[in-house]
Amino acid sequence: VHPSWLSLRLNRPDPQPVEMAKKDARAKEVVSREYTINLHKRIHKVSFKKRAPQAVKEIRNFAKAMMGTNDVRLDVKLNKAVWMQGIRNVPIRVRVVISRRRNDDEDAKEEMYSFVTVAEDQATKGKGTTTVAEA
């Protein structure tokens, strides 16, 4: 690493406190979004008898990253959709709805949790991330 480049990296301005406050406020909002998760690339080179369990773990990690909550709960229908073709033949892509919800439990460690369920329409062509209106 060249010393002048290093000094440029270290002297960059810090993000503004107002921007950080907005981001924190957004992380506490109740929201539902629909995502397409490419399981194929996430379980590449995983042995056959570990593919479906690993796919479930990857869905959990995806929800944790997208919603910013450590508490992720998966719907039974989503689990059945992943395991439908057996332990080896996991679906290549799965369309999911991830909802960030308030934790009603008084002794909960976190204020919010994520609930992941399988989307009604599993067609993935041309669909990106969409915000779902709560009914």
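Predicted model: local features only at pLDDT ≥ 70, side-chain atom pairs only at ≥ 80, totals over all residues.
Residues are numbered from 1 along each chain as its sequence is written, and side-chain values use heavy atoms, with hydrogens and water left out.

**The chain as a whole**

- The protein chain has five helices and five strands; helices (H or I, at least four residues) and strands (E, at least two) are DSSP runs, numbered from the N terminus.
- Along the sequence, these elements follow the pattern α-α-β-α-α-β-α-β-β-β.
- Of the 135 residues in the protein chain, 30% are buried, where buried means under 20% relative accessible area, exposed over 50%, and partly exposed in between (1.4 Å probe, protein chains only).
- Among contacts between residues at least 6 apart in sequence, 71% join residues at least 24 apart.
- The protein chain exposes about 9,800 Å², with carbon and sulfur atoms supplying 53% of it; accessible areas come from the Shrake-Rupley method with a 1.4 Å probe, and for residues only the protein chains shown count as cover.

- Glu34 belongs to strand 1, which covers residues 31-38.
- With a relative accessible area of 16%, Glu34 is buried.
- The side chains of Glu34 and Arg95 make a polar contact at 3.1 Å; such a contact is a pair of N or O atoms within 3.5 Å, and within protein one must be able to donate a hydrogen and the other to accept it, while residues adjacent in sequence count only if both atoms are side-chain atoms.
- Ile37 is also found in strand 1, and its relative accessibility of 0% makes it buried.
- Ile37 and Arg95 are 58 residues apart along the chain, yet their C-alpha atoms are separated by 6.3 Å.
- Beyond residues up to four places away in sequence, Ile37 touches Arg42, Ile59, Phe62, Ile92, Arg93, Val94 and Val96.

- In helix 5 (residues 76-83), the buried residues are Leu78, Ala81 and Val82.
- Seen down the helix axis, these buried residues fall within an arc of 95 degrees, so they line one face of helix 5; the arc is that of the directions from the helix axis to the C-beta atoms.
- Cover for the buried residues of helix 5 includes helix 4 (51-67), strand 2 (72-74), strand 3 (93-102) and strand 4 (112-118).
- On the face turned away from the buried side, helix 5 carries the exposed residues Val76, Lys77 and Lys80.

Methods:
Contact = heavy atoms within 4.5 Å.
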